[in-house]
Amino acid sequence: VVGEAFATYIVAEMNGSLFIIDKHAAHERIIFEDLKAKLSNEAPNSQMLLFPIEIKLTTGEQSSLIEWENDIKKTGFGYVINGDTVSISEIPAEIEPGATEDTFVTLLEKLSSGEADAQNSRYARFERALYQCSCKAAIKAGRIYDSGHIKWICDRVLTLDNIKYCPHGRPIAFEISKHFLEKQFERK
């Protein structure tokens with residue numbers, strides 16, 4: 001990691017190239033891939049909350065929570081439903097506790113919105129809801145984060161072939177070769 005630009009883009013050097021990485025888009029994709037991988041894992045990696053987070057739900061969100069319970073729990077959420085309130089005691093390891101409510105509600109809203117039609121499979125519908133969930137949980141552009149977190153994002157992005165675009169289709173990074181830079185500065 002060489003540095004950051006505008007508290008939004010990570011500048012990294014690797015194998016004779018510079019990479020400009022959108023830290024929010026990259027983190028969003030990493031979270032999405034990790035949550036998606038948990039759907040086939042029987043023991044999700046969760047973090048226990050010291051104090052449960054209570055969220056009041058709409059009728060549609062309650063229905064989605066019941067309908068999608070197994071899939072939601074596979075991603076690492078642990079919760080108890082009490083009438084129109086859910087008490088969350090465990091969250092996916094990839095999600096910061098401060099982003100729990102926003103992430104969980106976004107997931108339920110997408111599942112209850114009916115955006116998916118009969119042609120979409122159950123899995124595809126859940127995956128689309130994870131897109132938004134990942135976005136809410138990802139670090140934000142314009143904010144400063146510790147160097148360890150930034151390095152972790154770079155390591156994941158630059159070593160995994162399948163992480164090229166965020167779940168919404170935006171590019172995560174672009175590469176500038178040393179040769180291209182030398183050409184721009186008329187170096188031989």
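Mentor: Happy to! Let's start with an open sheet of four strands, in the order 1-2-3-7, whose pairing is antiparallel. A strand here is a DSSP run of E with at least two residues, a helix is a run of H or I with at least four residues, and both are numbered from the N terminus. Two strands pair if DSSP finds at least two bridges between them.

Before we go further, a word on the model: it is predicted, so local features need pLDDT of at least 70 and side-chain atom pairs count only at pLDDT 80 or more, while totals for chains, interfaces and linings use all residues. Residues are numbered from 1 along each chain as its sequence is written, and side-chain values use heavy atoms, leaving out hydrogens and water.

Strand 7 is joined to strand 3 (residues 17-22) by five bridges, and the two run antiparallel. To find this pairing on your screen, look for S17, which stands opposite S177 in strand 7.

What packs on this sheet? Helix 6 (residues 147-159) does, touching strand 1, strand 2 and strand 3, and its direction makes about 60° with that of strand 2. Contact means heavy atoms within 4.5 Å. Helix 1 (residues 23-38) also lies across strand 1, strand 2 (9-14) and strand 3, and runs at about 75° to strand 3.

There is another open sheet to find, with three strands in the order 4-6-5 and antiparallel pairing. At its edges stand strand 4 (46-56) and strand 5 (78-82), each with a single partner strand, so one side of each has no neighbour in the sheet. The twist there averages 15° from one strand to the next. Strand 5 pairs with strand 6 (residues 85-92) in the antiparallel sense over five bridges, and I81 stands opposite V86 in strand 6.

Finally, step back to the whole chain: it has seven helices and seven strands, and from the N terminus on they run β-β-β-α-β-α-α-β-β-α-α-α-β-α.

Notes. Axes fitted to C-alpha atoms, helices over the stretch in contact; angles between N-to-C directions.
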